[in-house]
Amino acid sequence: MPDSLRFNTTPSGRHVGKKHIVIVGAGIIGVCTAYYIVHHPKFDSEKYHITMIESKRVAGGASGKAGGLLALWAFPQQIVPLSFRLHEDLSNKYNGSEEWGYRRLTTVSLEGDISHIKNDPGSDSDSDSFINPTNHSDSDSSKPPKKTSRSTRSSKSNNLPSDLNWITSSLISSCSSLGGTDTTAQVHPYQFTNFILRKAVEDANGALELILGKVDEIQFSLDSGAATGVTYKPTSAKANESFSNKVVELEADSITMCIGPWTSKVLPDCPISGLRAHSITISPFKDQPVSPYAIFTELKTGPSSYTSPEIYARKDEVYVCGEGDSAVDVPETTDDVEVVKSKCDELYVQVAKMSSNLRKGTILKRQACYLPVLDIPSSSGPLIGPTNVKNLFLCSGHSCWGINNAPGSGKIMSEILLDGEAKSAKISSLDPSLYFDASALLDDDKSATASIASIS
């Protein structure tokens, strides 16, 4: 398998004369879609060509910065069992435990009180004293979708599991089981996405092409009312390289939008927005192993204040994420996402109070990403399938369960594109046309054409 992925800025032309499938977005959803198309029984590299267009880099957004928790109690249940099984199948097929950190783990919810911890930045004692370098009270912050909101808690206890010895037990008032190794697992999302894309490219026999470009518009035929291609501006992963105002038009037989919170920038009426979430990764103290747990918390920080960091122990690091905020709109690209250092430092302070192991560890990364949130009270997302514009498809809006549901979403999309219908799961309630009228784009196109004609 090639060690690196080669992106071009202009098409090679190999798609000409073949059924051309364009996938917009090289996050985990787009990558899994490409992978399962390549491995679909009907795929023939002599008849099909896939072009994946990505504005900056593979897994540059949440696909590279999410926690990677997998759970059978996730949502929506239409695709969760399928996707959970496919994650295990992929791991068994490609040695996922070594390639992208796949493993089963235990998930718990902890309630505790850290409000009494004294500020002492230099302490390494078991009192877990630590200083809080910031004081957050963001009035515009909002919580991301709760991963635990639809799970069934059981086995509530005041005692921590015996092997969860890297959390200070005296601070915990309640421990609830959310799932064991039979229902929960994890992956490293960045490693998974890059591996699966490399495998898809290798197995496509030259029929999967990668393009660096920012898609601005969907092209339509005013006669048929169908989507016929995209226009994009070539981009570069290098900060100092640009391509001026060059625009490339690329014809396609089908277009699948897999760009999460960026979907509404290309399809303005699509009800998908972005919620920014900060996270850090910590290298734990080397002499104290960290057992495989995913931990959801509700921690008292003051007389009437609480915080809820999520903590995922990986093989070589610990991932910590916090509550989301909508203070800053989704920027133009993943490279433009603002990382507020104080928010990351606050996460470290919170977990440092809970764990001497993490307090004595080293922060490896401070990062932020946008979760694609579906702005529809009656649905938690995602939207998967054809829109009401021919040849235009959506696979987006996966909320906080995008990593979990990526393989299932990709397999379903491959069936829709090559079989004409979803076969692996019943997804009628996820139909984009129930919530989004893509034909409004055609009306805009017609109006623009009429305006040009009248000026002429």
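# Cysteines, sheet and helices

Biologist: Is C175 buried or exposed?

Modeller: In this predicted model, C175 counts as buried because its relative accessibility is 5%, and buried means under 20%.

Biologist: How many disulfides does a search of the whole structure find?

Modeller: The search finds 0 disulfides.

Biologist: Changing topic, what is the strand order of the open sheet?

Modeller: The open sheet has 8 strands in the order β11-β10-β9-β2-β1-β12-β20-β19, and the pairing is mixed. Its edge strands, β11 (248-251) and β19 (383-386), each pair on one side only. From one strand to the next, the twist averages 35°.

Biologist: In which sense do β1 and β12 pair?

Modeller: Strand β1 (residues 19-24) pairs with strand β12 (residues 254-257) in the parallel sense, over 4 bridges. Within β12, I255 is the bridge partner of V22.

Biologist: Which strands does helix α9 touch?

Modeller: Helix α9 (residues 402-419) packs on the sheet and touches β1, β2, β12, β19 and β20 (392-396). The direction of α9 makes about 10° with that of β19.

Biologist: And which strands does α5 lie across?

Modeller: Helix α5 (residues 189-203) lies across β2 (48-54) and β9 (208-220), and runs at about 95° to β9.

Biologist: Lastly, what feature does UniProt place at residues 20-38?

Modeller: The unreviewed UniProt entry places a "transmembrane region" there. In the model, residues 20-38 are 58% helix and 26% strand, and the end C-alpha atoms lie 13 Å apart.

Notes
Residues numbered from 1 in each chain as written. Predicted model: local features only at pLDDT ≥ 70, side-chain atom pairs only at ≥ 80, totals over all residues. Heavy atoms only, no water. Disulfide = S-S within 2.5 Å. Buried < 20%, exposed > 50% of the residue type's maximum accessible area, 1.4 Å probe, protein only. UniProt positions renumbered as here; feature names shortened; annotations may be inferred. Helix = DSSP H or I, 4+ residues; strand = E, 2+ residues; numbered from the N terminus. Pairing = 2+ DSSP bridges. Axes fitted to C-alpha atoms, helices over the stretch in contact; angles between N-to-C directions. Contact = heavy atoms within 4.5 Å.
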